[in-house]
Amino acid sequence: MPASIIVGAQWGDEGKGKATDLLADRTDMVVRYQGGNNAGHTIVVGDEVLKLHLIPSGILYSHVVPVIAAGVVIDPKVLLEELDGLEEKGLDPFARVRISGDAHLIMPYHRELDLLIERRLGKQNLGTTRRGIGPAYADKASRVGLRVQDLFDEGIFRKKLEAVLDHTNLVLTRVYGRPAMDLEAIATEYLGYAERLSPMVTDTTALLHEALERDANVILEGAQGTMLDLDHGTYPFVTSSNPVAGGALTGAGLGPNRIDRVIGITKAYVTRVGTGPFPTELFDEVGERITDIGGEYGTTTGRRRRVGWFDAVVARYAQRVNGFTDLFLTKLDVLDAFDELKVAVAYHADGERHHHLPPHQSLLHHAEPEYVTVEGWGAPTSDITRYGDLPRPARDYIDLLEQQCGAPITWVSVGPGRAQTLERR
Ligand code: IMP
């Protein structure tokens, strides 16, 4: 029965792909449960680097069934490009990937609206990835979205498209002064994807439950992170889905009693892309060094990520809303070069000390972190293969994070390679 959820504990980009990769040997199925091609992970096939946005990282292992579940929003053009790219590299993605017919489609007007809304927001913009994610989930919630299964019934597809375009074209033309979108052009393009997608589309909930019934190992792989969660993140500076552990249940279609492990992925510092509050953000030379050493540039948009010290208030909150059974600490090696490190253990705002995330978002915007300063280790860790061989200050740093977060740190990653992961317990 074992099902594990892998969740980002910060603002995304924590290295979830690495955790999935590490567990892949013992895994039969990897299910992506929310988000779309706003996510990105880099995988290495032979000498080549491949950037994936929609397909679960398990694709690299021939024994793993990669599943895109109902909670995901799919841009079919992007999906087919990724599948083609993997096929060119000698993998067999068309025969292995399984896609839920209930997943919603990202349409051309979603991409356009994402751009227009951001532009209209001006300085208040969210810094979205402009992939149409928000507008696609908005249509889903408004019950005017088109789903993957609609591609296989031309009559229904056209009828639904006509209904939604009726309204969307008014918005495009009257609100934004843009040309109306052409139903025929969209229908021709999208219905044209049906034939290639069809063999992969199935009842993924049934597939998942059959796998659990035969005791297969399943990973439910989240995209983005806890603080970008639509309900539990730093709203409105969030994505439009639920990356938290609960989102895995709704997105994939299973009950909480089927889950036996919730693995939170957290960097040894913090990064964030896009706008929104970030109390421990660094604006100095230390921040720049972390960005450069850590290669902190987005996989999807190439944007420079904002960086900051480890934030235990955020980690404690992530622990609360996800119920982590384990933490996977990534990118410890990025901190090798620093003489001293800081960890935010509380915030101060409006004359009060906050041990937990302040309930009112506006407090977060001007929260002053209370830092504990600790000794750095100033030595390379990337070649270390046993946890006990880490320098004493590095182990002290990890102990401090564990004690502050309230969840056991089970793995520590000291580099991108598979072997560069130290098992702590
Ligand atoms: P959207 O998901 O494109 O609507 O973007 C909403 C917010 O989530 C923006 O701040 C993005 O930068 C952020 N975001 C979306 N996907 C990711 C991701 O995979 N990693 C990090 N941030 C992301």
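Visitor: Where does Asp-284 lie, between which strand and which helix?

Guide: In this predicted model, Asp-284 sits in the loop that runs between strand S12 (270-272) and helix H10 (285-294).

Visitor: Why is Asp-284 called partly exposed?

Guide: The relative accessibility of Asp-284 is 37%, and since buried means under 20% and exposed means over 50%, with partly exposed in between, Asp-284 counts as partly exposed.

Visitor: What lies 3.1 Å from a polar atom of the side chain of Asp-284?

Guide: That is the backbone nitrogen of Gly-287, and the pair can be set against the limit for a polar contact, which is within 3.5 Å. Asp-284 can also be placed relative to Gly-308, which is 24 residues away in sequence and 9.9 Å away in space, C-alpha to C-alpha.

Visitor: Why does Asn-38 count as buried?

Guide: Asn-38 has 11% relative accessibility, and because buried means under 20%, Asn-38 counts as buried. Asn-38 belongs to the loop between strand S2 (29-32) and strand S3 (41-45).

Visitor: What makes a polar contact with the side chain of Asn-38?

Guide: The side chain of Gln-224 makes one at 3.1 Å, and the side chain of Thr-239 is joined to Asn-38 by another of 3.3 Å; both values can be set against the limit of 3.5 Å.

Visitor: Which residues are closest to the ligand?

Guide: Of the 15 residues that surround the ligand, the closest are Asp-13, Asn-38, Thr-129, Thr-239 and Arg-303. By class, this shell has six nonpolar, seven polar and two charged residues.

Visitor: Which residues touch the most other members of the largest nonpolar core?

Guide: Among its 57 residues, these are Leu-220, Leu-332 and Tyr-397, while helix H13 (residues 392-405) supplies the largest share of this core, six residues. Apart from it lies another core, of 42 residues, including Ile-55 and Tyr-190. In soluble globular proteins, nonpolar side chains tend to be buried together.

Methods. Residues are numbered from 1 along each chain as its sequence is written. This is a predicted model: local features need pLDDT of at least 70, side-chain atom pairs count only at pLDDT 80 or more; totals for chains, interfaces and linings use all residues. Side-chain values use heavy atoms; hydrogens and water are left out. A residue is near a molecule or strand if one of its heavy atoms lies within 4 Å of it. Ala, Val, Leu, Ile, Met, Phe, Trp, Tyr, Cys and Pro count as nonpolar, Asp, Glu, Lys and Arg as charged, and the others, Gly among them, as polar. Helices (H or I, at least four residues) and strands (E, at least two) are DSSP runs, numbered from the N terminus. Buried means under 20% relative accessible area, exposed over 50%, partly exposed in between (1.4 Å probe, protein chains only). A polar contact is a pair of N or O atoms within 3.5 Å; within protein, one must be able to donate a hydrogen and the other to accept it, and residues adjacent in sequence count only if both atoms are side-chain atoms. A nonpolar core is a set of buried Ala, Val, Leu, Ile, Met, Phe, Trp, Tyr and Cys residues joined through side-chain atoms within 4.5 Å.
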